[in-house]
Amino acid sequence: MQIFPPNNGSGRGYQTLEAPAESFEQQPPNNWKGVFNISSYTQYFNVDTDVVINRLISSFHPTAGDFFNKIEANPDLYGLIWITTTLVFMLSCFENFATYLMQKHTDGTTTWSFDVGYVNVAASGIYGYAIAVPMAFYFLLRYLGSNASLIRFWCMWGYSLSIFMPAAVSLPFKIAYSLMPPRFCNCRSHLENLKVVFGNLDFRIRIWISKFLLLIPVEFLRWIIILITGTASSCFVALNLRSYIEGGNDLTIIVIAAFLLQMALSIFIKVWFFP
Amino acid sequence: MSNSHSDTIPLRPSNSQSDIDEIRSLIDDSVHSGPAVVLPARHPATTPPPSSSPFISSNIPPPPPVSSSSSLQKLQAVPAAPPPPPPVGNSSSIVANGFGPPPNTLTEPVLDTVKRDLWRIVSNLKLVVFPNPFREDPGKALRDWDLWGPFFFIVFLGVALSWSASVKKSQVFAVAFALLAAGAVILTLNVLLLGGHIIFFQSLSLLGYCLFPLDVGALICMLKDNVVAKVIIVCLALAWSSWAAYPFMSSAVNPNRKALALYPVLLMYLSVGFLIIAID
């Protein structure tokens with residue numbers, strides 16, 4: 001229910017821009033029962049399964065800038081918490097898997113041992129990014145006078161990290177691909193594989209594609225993957241931020257900063273976890 | 001002064017009938033105040049108490065003010081009653097005789113205490129991990145929760161993982177223990193935040209008991225070394241753990257949010273399973 005604020009008569013642009021957000025944000029603090037009471041936080045987890053899945057799927061469409069409209073009424077922190085946790089787990093898991101495969105194929109004997117330190121780095125990196133960056137943008141935008149809602153920022157940034165999950169899955173397998181014994185890497189098996197993907201194309205085109213793929217070094221493919229996912233995620237963040245701010249041109253720099261930060265995160269993931 | 005008053009018995013014409021009446025009233029008084037003084041500890045167990053916790057006493061009915069003859073009948077009925085776990089009887093005797101002699105659990109032999117706790121762990125394990133659709137009291141494991149079982153299982157899993165690790169053993173134990181303990185707390189908080197109805201320690205206890213299949217899997221993986229066999233065993237153990245945890249978690253939340261509550265459980269068990277496979 002909308003509580004319309006009383007007209008305070010000053011009529012400055014700053015105030016009227018603030019007022020609707022304030023009136024909407026007056027809803028949640030009414031349920032605040034203290035920091036240590038669970039029921040004051042349940043308002044941020046008031047989502048059903050289909051709502052979460054809907055938001056997840058919409059986070060895979062980076063070009064539609066309407067995420068904030070979707071979460072306007074009901075931002076949730078469930079996505080932030082569990083997507084970051086899943087990403088931490090996947091990064092440390094597949095990182096160990098990648099080093100295991102590398103060890104197995106270079107040495108022949110498995111002198112590989114499970115490195116638990118990866119979990120620490122993954123956890124601090126992902127959690128730190130997901131918590132600190134939206135907070136920084138929130139304070140910055142508040143300082144510059146625009147309306148901003150911390151919960152919605154956390155929600156949006158959390159869902160933006162979901163694009164990295166398929167990338168985390170696919171990156172170590174490229175190592176496996178490059179380390180397969182040469183007799184498995186002939187054109188014929190590639191054609192068999194490519195039939196699944198390019199089944200309807202002409203035979204000559206299929207051969208051309210397979211030769212093209214064989215010529216490309218595998219490292220390049222991995223960089224392509226991480227750049228594509230990084231760009232998608234950054235576009236998601238930037239476009240949604242821009243549509244949310246709806247402000248003047250001086251705030252474009254903030255949008256660009258968000259884009260660059262997300263790209264930096266994706267490059268960090270590639271360089272640190274899958275070198 | 002008042003003590004001396006109650007100690008003195010007022011002078012009365014002593015005949016046998018009044019003596020008998022006096023004795024009967026004394027017996028009735030002691031039955032009212034502390035039946036465990038007069039009867040063996042299993043007596044209150046004939047009325048099935050809903051909780052074995054000694055601190056929840058409201059559901060235990062007051063001992064009926066019967067004469068000594070019917071109390072004798074109850075004595076005979078005790079061996080025929082289906083044996084609920086002994087701790088139930090002992091702990092409710094703590095409640096029943098508030099001002100009586102010291103409770104039996106303090107003076108009993110240590111072996112009895114250990115046996116009683118072990119029996120409770122085994123019974124909770126049977127109820128949680130091997131759910132029987134025909135069991136007579138489905139909620140019993142929830143009410144008789146305890147944290148000893150989960151503690152043993154978590155420590156055992158940590159020790160098994162760190163023993164089979166070749167380097168950084170202490171770090172492996174720390175990660176496993178922290179993951180499981182913090183994970184159980186966070187999962188419970190997750191259910192509570194989603195608007196579910198679950199009691200905090202009950203849920204901790206249940207999630208700890210559901211680790212038992214993974215413990216078995218870790219033990220087997222310690223002994224065998226084949227990677228493929230390990231993957232198969234861990235997958236089976238994972239499926240079993242998730243199947244054991246599913247009814248408790250899903251019944252605690254709104255049906256629309258079942259998947260939201262269950263996914264983190266799956267994630268935690270999956271990460272533990274991965275740890276088991278990866279440590280060699």
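Predicted model: local features only at pLDDT ≥ 70, side-chain atom pairs only at ≥ 80, totals over all residues.
**Nonpolar surface patch**

On the surface, a nonpolar patch is formed by B:Phe156, B:Val216, B:Leu219, B:Ile220 and B:Leu223, and together these residues have about 410 Å² of accessible area. Helix 12 of chain B, which spans residues 212–223, contributes the most to this patch, with four residues. One of the patch members, B:Ile220, is placed in helix 12 of chain B.

**Largest pocket**

The largest pocket holds about 1000 Å³ of space. It is lined by 37 residues, of which A:Ile81, A:Trp82, A:Thr85, A:Tyr127 and B:Ile186 are the closest to its centre. Two or more residues of the lining come from each of helix 4 (78–107) and helix 5 (117–143) of chain A, and from each of helix 10 (169–193) and helix 14 (258–278) of chain B. By class, the lining comprises 30 nonpolar and seven polar residues, with no charged residues.

**Two residues of chain B**

B:Val265 is located in helix 14 of chain B, an element that gives two or more residues to the lining of the largest pocket. The C-alpha atoms of B:Val265 and B:Ala184 are 8.6 Å apart in space, while the two residues are separated by 81 residues in sequence.

| Residue | Relative accessibility | Class |
|---|---|---|
| B:Ile220 | 34% | partly exposed |
| B:Val265 | 2% | buried |

B:Val265 counts as buried because its relative accessibility is 2%, and buried means under 20%. B:Ile220 counts as partly exposed because its value is 34%, and this class lies between under 20% and over 50%.

Conventions. Residues numbered from 1 in each chain as written. Chains lettered and ligands numbered in written order. Heavy atoms only, no water. Patch = residues over 30% accessible without salt bridge, like charges linked within 9 Å, V, L, I, M, F, W, Y side chains within 5 Å. Areas by Shrake-Rupley, 256 points an atom, 1.4 Å probe, with all protein chains shown as cover. Salt bridge = Lys/Arg side-chain N within 4 Å of Asp/Glu carboxyl O. Buried < 20%, exposed > 50% of the residue type's maximum accessible area, 1.4 Å probe, protein only. 1 Å grid on protein atoms, 1.4 Å probe; cavity = no way out; pocket = protein on both sides within 12 Å on 5 of 7 lines; lining within 4 Å. Points joined across faces, edges and corners; volume = space filled by probe spheres on them. Nonpolar A, V, L, I, M, F, W, Y, C, P; charged D, E, K, R; others polar.
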